Amino acid sequence: MLDVRRLRLLRELKIRGTLSEVAAALRYSPSSVSQQLALLEKEVGVELLRKSGRGVTLTPQAEVLVAHTAELLEILERAEADLAASLTTVTGTVRIAVFQSAALALMPDALTIMTKEYPEVRIEMVQREPETALYETFARDFDLVIAEQYPGHAAPRHPELDQVALTTDAIRLAVPPGPLNQARISTVAEAADAAWVMEPRGAASRHWAEQACRRAGFEPDVRYETADLQAQIRLIESGNAVALMPDLVWTGRQTTVKLYDLPDNPRRSVFTSARRASTNRPALLACREVLARSAAMVAAGSERHAGPGTETAAEDTASRQ
């Protein structure tokens with residue numbers, strides 16, 4: 001009988017690429033990982049790893065084992081979920097990966113509700129960029145990810161993960177307030193000569209914002225790069241930059257910049273993903289249901305809050321006359 005723990009190490013090596021990455025992910029020493037894989041080779045009686053430079057590559061026989069291991073782990077995960085579903089209480093730990101604006105807007109209320117209604121469920125939350133978090137959830141680093149996708153930009157898909165819609169929010173042009181908006185910018189095209197703040201390259205929001213500027217006829221002058229949306233807000237409200245920002249960033253705080261609707265009213269989609277084998281797990285189901293409630297409360301609050309400070313370019317022009 002093959003050792004499941006050693007088979008998992010082989011699959012982890014396929015996913016993560018190096019022995020050191022496997023060791024870090026599973027909290028083993030690299031030498032221990034190497035030793036366990038050597039024992040697995042003896043068990044199966046064929047070569048599984050070949051040296052390649054400073055690393056190793058998997059042989060075709062190892063790839064066969066990895067494919068079967070993935071199926072085996074899914075079966076075991078479904079068994080754990082069904083066992084948990086048979087209990088009368090909802091317990092366990094749910095590890096959640098979440099991007100910044102969702103962490104700020106959705107998680108505080110969700111955590112409060114979970115603590116009150118499901119006191120035996122432990123929530124562990126880590127901030128991650130959506131693309132990374134989806135892969136890490138597939139790799140079993142997390143149980144649930146809150147991710148995003150921008151109009152016309154699909155998030156990465158992994159067959160093992162499901163995708164459940166959570167909420168949407170409008171994307172608007174954010175410019176400095178009042179007298180700090182010296183160029184009187186109210187449209188993307190009018191921001192052609194402005195300094196922009198965007199997330200670092202590789203982020204979906206960065207690519208979408210650059211495309212929006214190019215559709216407006218110019219290449220944006222991105223002087224400031226930061227993944228911290230709170231820092232972006234400070235740069236805008238102090239008169240140093242403009243940006244395209246999703247509405248979730250204003251949850252729980254005053255709108256301190258001028259916001260303008262964009263043509264076609266683009267909206268960002270926020271969703272959750274989990275491994276399909278674990279979706280019947282009561283703690284995960286509870287967490288998703290509570291997140292949906294939190295998102296609904298935020299959406300209701302946004303509708304009441306979005307009016308002041310938010311205008312179309314036409315309304316702004318009319319107000320100046």
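## Cavities, a pocket and salt bridges

The structure holds five cavities of 30 Å³ or more. A cavity here is a set of points on a 1 Å grid over the protein atoms alone where a 1.4 Å probe fits but cannot get out, while a pocket is an open set with protein on both sides within 12 Å along at least five of seven lines; lining residues have an atom within 4 Å of a point. Grid points are joined across faces, edges and corners, and a volume is the space filled by probe spheres set on the points.

Please keep in mind that this is a predicted model, in which local features need pLDDT of at least 70, side-chain atom pairs count only at pLDDT 80 or more, and totals for chains, interfaces and linings use all residues. Residues are numbered from 1 along each chain as its sequence is written, and side-chain values use heavy atoms, with hydrogens and water left out.

Here are the volumes side by side.

| Space | Volume |
|---|---|
| Largest cavity | about 120 Å³ |
| Second largest cavity | about 90 Å³ |
| Largest pocket | about 350 Å³ |

Let us start with the largest cavity, at about 120 Å³. It is lined by 16 residues, of which Glu199, Ser205, Ala209, Gln232 and Leu244 are the closest to its centre. Strand 7 (195-198), helix 8 (204-215), helix 9 and strand 9 each give two or more residues to this lining; helices (H or I, at least four residues) and strands (E, at least two) are DSSP runs, numbered from the N terminus. The lining has 12 nonpolar, two polar and two charged residues, where Ala, Val, Leu, Ile, Met, Phe, Trp, Tyr, Cys and Pro count as nonpolar, Asp, Glu, Lys and Arg as charged, and the others, Gly among them, as polar.

Strand 7 also pairs with strand 8 (residues 221-225) in the parallel sense over four bridges; two strands pair if DSSP finds at least two bridges between them. Trp196 has Val222 of strand 8 as its bridge partner. From strand 7 the chain crosses through helix 8 to strand 8, giving a right-handed β-α-β crossover, that is, with the strands pointing away from the viewer, the path from the first strand over the helix to the second runs clockwise.

The second largest cavity has a lining of five nonpolar, two polar and four charged residues. Among them are Phe99, Gln100, Glu148, Glu199 and Arg268.

Now to the largest pocket, with about 350 Å³ of space. Of its 16 lining residues, Ala25, Arg27, Arg95, Arg140 and Asp141 are the closest to its centre. Helix 2 gives the largest share of the lining, four residues. By class, the pocket lining has six nonpolar, no polar and 10 charged residues.

Which residue forms a salt bridge with Arg140? The partner is Glu77, with the closest N and O atoms 3.1 Å apart; a salt bridge is a side-chain nitrogen of Lys or Arg within 4 Å of a carboxyl oxygen of Asp or Glu. Glu77 lies in helix 4 (residues 60-85) and Arg140 in the loop between helix 7 (130-138) and strand 5 (144-149), so the pair ties together parts that are 63 residues apart in sequence. Both residues are buried, meaning under 20% relative accessible area, with exposed over 50% and partly exposed in between (1.4 Å probe, protein chains only).

Helix 9 (residues 229-237) holds both Arg234 and Glu237, which form a salt bridge with the closest N and O atoms 2.7 Å apart. Glu237 also meets Arg253 in a salt bridge (3.9 Å, N to O).
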